[in-house]
Amino acid sequence: MTLLLVGDVGGTKTLLRLVEMPTGETSTTASQQKNLYEALYTSQEYPDLVPMVREFLQAAAAASGSSPTPTKACFAIAGPVVGNTSVLTNLAWSLTTERLEQELNIAHVSLINDFAAVGYGLLSLTPEDILTLQAGRPQSTAPIAVIGAGTGLGEGFLVRLLDDYHVYATEGGHADFAPRTDMEFELLQYFHQHYHLDRVSVERVVSGQGIVTIYQFLCDRAQDLDRDRLSAASEHSTNLGANLTKKDRHLSAAEISQAALEKSNPICQQTMELFIEAYGAEAGNLALKLLPYGGLYLAGGIAAKILPLIKEGDRFLNAFKQKGRMSSLLERIPVHIVKNPQVGLQGAAVCASRL
């Protein structure tokens with residue numbers, strides 16, 4: 001067995017885990033990853049990753065009664081990794097694989113983008129970890145695409161070479177937002193006018209913060225429209241824009257999505273409808289670029305939490321497939337939602353096992 005150290009390193013929290021894997025395995029499933037010890041840390045409380053890892057290994061030793069000596073480590077970083085180096089956006093940390101190997105006395109260390117870790121994690125999933133939205137016509141040797149809305153919007157892909165997949169992260173979430181409807185064009189103008197942006201990336205819309213901004217846009221819009229016409233459009237509700245309180249206007253993404261799930265707030269419902277359609281359209285854009293007949297996977301922190309909304313009325317899939325003459329191609333692509341929140345850490349273990 002091989003002992004691996006893996007981590008999900010973020011600007012706010014860092015999760016570290018010790019994992020035992022069969023020696024020689026590379027694309028192991030979660031059942032072959034034996035989790036020995038894990039702990040969650042507040043990133044800002046440490047000047048660097050090294051003292052955090054040392055504290056973690058000491059705690060693991062105290063818990064097990066023996067000193068763990070991992071031979072390989074992989075850290076998924078919430079930010080770009082270039083030339084085995086990462087400077088974290090929201091932390092004063094500058095990490096290099098060479099320094100981490102020396103100071104932690106670990107033979108092989110890898111730094112990868114957190115969404116690349118999600119890509120590797122797809123290789124460890126079991127059927128219970130996914131929900132299929134569209135079965136499509138899967139091809140075992142075709143590319144795999146992964147997209148995930150959370151704090152931001154991650155996009156990546158996997159390409160099969162010989163008998164294994166290679167994983168590639170992208171910055172596709174920072175491509176331009178492409179409005180398709182009158183409402184989305186209004187939203188784009190809202191970004192320009194209220195945030196003074198020269199351009200609007202799709203991440204501004206398809207992300208947790210995007211949910212909040214869409215909601216605020218709809219609140220402002222609702223207050224400018226005729227109350228009677230709004231009431232006629234939403235007969236099941238009497239609490240629309242005209243009576244919004246200050247508290248109503250400052251809901252979090254989690255509160256907005258929960259209200260939409262409960263169908264207790266029509267503006268929250270409309271927010272999530274617009275969000276899901278934009279999410280589906282961008283997933284369709286990624287699919288057109290890659291033709292991932294190996295499957296397109298929705299990861300990130302949002303999709304699994306709003307499953308009923310995504311499935312409701314096929315709103316996501318309709319936007320995904322609405323590509324004119326190319327729509328028939330997208331009907332053949334399998335579309336899955338990743339339900340396992342640990343997919344990134346599992347992916348870091350897969351990556352570490354390959355070092």
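Buried means under 20% relative accessible area, exposed means over 50%, and partly exposed lies in between (1.4 Å probe, protein chains only). Helices (H or I, at least four residues) and strands (E, at least two) are DSSP runs, numbered from the N terminus.

This is a predicted model, where local features need pLDDT of at least 70 and side-chain atom pairs count only at pLDDT 80 or more, while totals for chains, interfaces and linings use all residues. Residues are numbered from 1 along each chain as its sequence is written, and side-chain values use heavy atoms, with hydrogens and water left out.

**The covered helix**

How many residues of α12 are buried? Eleven of its eleven residues are, so the helix is mostly covered. Among them are Val343, Leu345, Gln346 and Ser353.

The axes of α3 and α12 are 6 Å apart, at an angle of about 80°. The two helices are therefore roughly perpendicular to each other. From α3, the contact uses Ala117, Val118, Tyr120, Gly121 and Leu122. From α12 come Val343, Gly344, Gln346, Gly347, Ala348, Val350 and Cys351. Contact means heavy atoms within 4.5 Å. These residues divide into eight nonpolar, four polar and no charged. Here Ala, Val, Leu, Ile, Met, Phe, Trp, Tyr, Cys and Pro count as nonpolar, Asp, Glu, Lys and Arg as charged, and the others, Gly among them, as polar.

Helix α4 (residues 182-195) meets helix α8 (residues 266-290). Their axes come within 12 Å and cross at roughly 95°. Axes are lines fitted to C-alpha atoms, for helices over the stretch in contact, and angles run from 0 to 180 degrees between N-to-C directions. α4 and α8 are therefore roughly perpendicular to each other. Angles under 35 degrees count as roughly parallel, over 145 as roughly antiparallel, 65 to 115 as roughly perpendicular and the rest as oblique. Met183, Glu184 and Leu187 of α4 touch Gln270, Leu274 and Ala278 of α8. That contact holds four nonpolar residues, one polar and one charged.

**A helix with two sides**

Which residues of α7 (residues 253-262) are buried? They are Ala253, Ile256, Ser257, Ala259 and Ala260. They span an arc of only 160° around the axis, so they sit on the same side of α7. The arc is that of the directions from the helix axis to the C-beta atoms. On the other side, Ala254 and Glu262 are exposed. Just after α7, Lys263 has a positive phi of about 55°.

**Single residues**

| Residue | Relative accessibility |
|---|---|
| Thr213 | 3% |
| Ser110 | 11% |
| Cys74 | 0% |
| Cys268 | 0% |

Thr213 lies in helix α5 (residues 208-224). Beyond its neighbours within four places in sequence, Thr213 is in contact with Tyr190, Phe191 and Tyr195. Ser110 belongs to strand β7. Not counting residues up to four places away in sequence, Ser110 touches Ala73, Cys74, Phe75, Thr97, Cys351 and Leu355.

How many disulfides does the whole structure hold? The search finds zero. A disulfide is a pair of cysteine sulfur atoms within 2.5 Å. For Cys74, the closest cysteine sulfur is in Cys351, 3.7 Å away and too far for a bond. Cys268 is in no disulfide either, as the nearest cysteine sulfur, that of Cys219, is 7.5 Å away.
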